[in-house]
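Trainee: Could we go through the charged side-chain pairs here, one at a time?

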Amino acid sequence: MSMRYIALLRRFLQLNILRELAYRGNFYTQIFQSLLSLSFGLLGLAVIFDHTGTLNEWHPAQILALLGVYQLVGGVINLVIQPCMQQLMREVHQGTLDFTLLKPEDAQFLVSIRQMQIWKLCDIVLGLVVVGIALAHLGATVGAGQMLTFLVALVAGGAIVYSFWLMLATCSFWLVRVENILVIFQDLYQAGRWPVSIYPSWLRWTLTFLVPVTVATTIPAQALIGQLAWPTLLGVALFALLTLVLSRWFWLFGLRHYTGASA
Amino acid sequence: MRALLAVYRAQLKTSFLMYLQYRASSVLWLLGMILEPVIYLVVWSTIARANGWAVDGYGVGDFASYFLVLLLVNHLTDNWVYYEFEERVRQGLLSPLLLRPIHPINADVAQNLTYKWMMLVVMLPTAGVLALVFHPTAHVTWLSLLLFFSSLVLAIAIRFLVEWSLGLTAFWTTQMSAVLQVYYVALFFLSGQMGPLALFPVPVEILALVLPFQWMLAFPVQLLLGQVDQRAIVLGLVAQAIWLCLSLALMTVLWRHGLRRYSGTGA
């Protein structure tokens, strides 16, 4: 069973790569845009650390690590989560989701992997490079345990972000203009450039429980620089499992309410 | 002139009704607009608090008033037409607009003005709430208020023309997202969105002096807060006048040449 999912994933990956290979110019545009967005972050850091030595006890190299994680996770979101969910909302709107539902595979799996923006891999690569540079600056030897913590935090964060988007996209079965909420997510995600501990409590609360920005950026970065306590990691992992189950349930519930505008 | 006024009245009415339909999405846009200034207000205040409550003479309260006024001015000067231009050109949506016996920019201006007035109803109370949270300090005089409103009008006009011209580049390129991103980065650092330009390295300050960005945003903000000395006020107003002429010329030239490239595909 799971072999079939892997085969499907590979097939969709192939399809998306083939589609993008027709537009090779986009690759250079994407490199340019990724570098631009990275320099945007670096310039911001330069201006800030021109006036101070630490930002709320975060040293420049630690903030750099955070910036790398921000770029990396942003890359994953833009690579597959956002394009898939946007397509889902569009198809619900236009009633063309019927064609996907008719296929003899799990619909949630299909809508979650079929649309990829392959060139966004640039952001992921750049993010990893920045994380590497930051770690070199920190001079700390990163042990296997710390790396594992980082990976767990990263995967859990990704799962929470995915579930969040799926639930939002599922709302489009009832509401029409949900895509505007995406704009909000992009805006709120910006807040992840900086450690959430600097924000006032209401904003910190929003970024942690209402919109999953903290789990996607600050917490993996904390894991990376060795400042994440085990209980927090455990809590995040449990929360990830919970949201995955919840979003699955909500998706199935939503499907029962889908009438198909075209049919 | 009278015909134009009638056209505007009709446009204002239709766009008002259109926005009324999508109240929820308008509020969501608003949230997005508030967030960015709040983030940088928090970042700068954090630094100020750690360094004896001030950064180069800017206290925590000064940052609060700077970013709150910036929020309002950014809302009033903001424009989003340039995001739609790619689609207009690619899908041929411009064709019906061209058939009208009036320049398409008028419809955009009318729509933009409606949105600003409508959203001000929500924006002002929001700024009020944020003021309660962040405790801004400012000393506003009648003179600075007068100067503020005149430079605000200029800033709105300049930014609209610059961004409309930016949208027109869709006639030449299909890589609009890259163009817009470059613009966004430049706007963020050079218009004062990230913080008062005085806190930036000198080369950035000089760059900001010759480019249009700060005249579309930071200048009116600092005028209101009395952070500009007399010589700089005159200089700034002159710069705004120059950029108004330049952006008008730019828009006219780009429109004339771009239209020749437009083939109306899809229509």
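Mentor: Let us begin with Arg88(B), which is buried at a relative accessible area of 8%, where buried means under 20% relative accessible area, exposed over 50% and partly exposed in between (1.4 Å probe, protein chains only). This is a predicted model, in which local features need pLDDT of at least 70 and side-chain atom pairs count only at pLDDT 80 or more, while totals for chains, interfaces and linings use all residues. Residues are numbered from 1 along each chain as its sequence is written, chains are lettered from A and ligands numbered from 1 in the order in which they are written, and side-chain values use heavy atoms, leaving out hydrogens and water.

Trainee: Which side chain meets that of Arg88(B) in a salt bridge?
Mentor: A salt bridge is a side-chain nitrogen of Lys or Arg within 4 Å of a carboxyl oxygen of Asp or Glu. With 3.8 Å from N to O, the partner of Arg88(B) is Glu84(B).

Trainee: Is Arg159(B), which forms a salt bridge with Asp78(B), buried or exposed?
Mentor: The closest N and O atoms of Asp78(B) and Arg159(B) are 3.4 Å apart. Arg159(B) lies in helix H7 (residues 142–168) of chain B and Asp78(B) in the loop between helices H3 and H4, so the pair ties together parts 81 residues apart in sequence. Asp78(B) counts as buried at 18%, and Arg159(B), at 2%, is buried.

Key: Helices (H or I, at least four residues) and strands (E, at least two) are DSSP runs, numbered from the N terminus.
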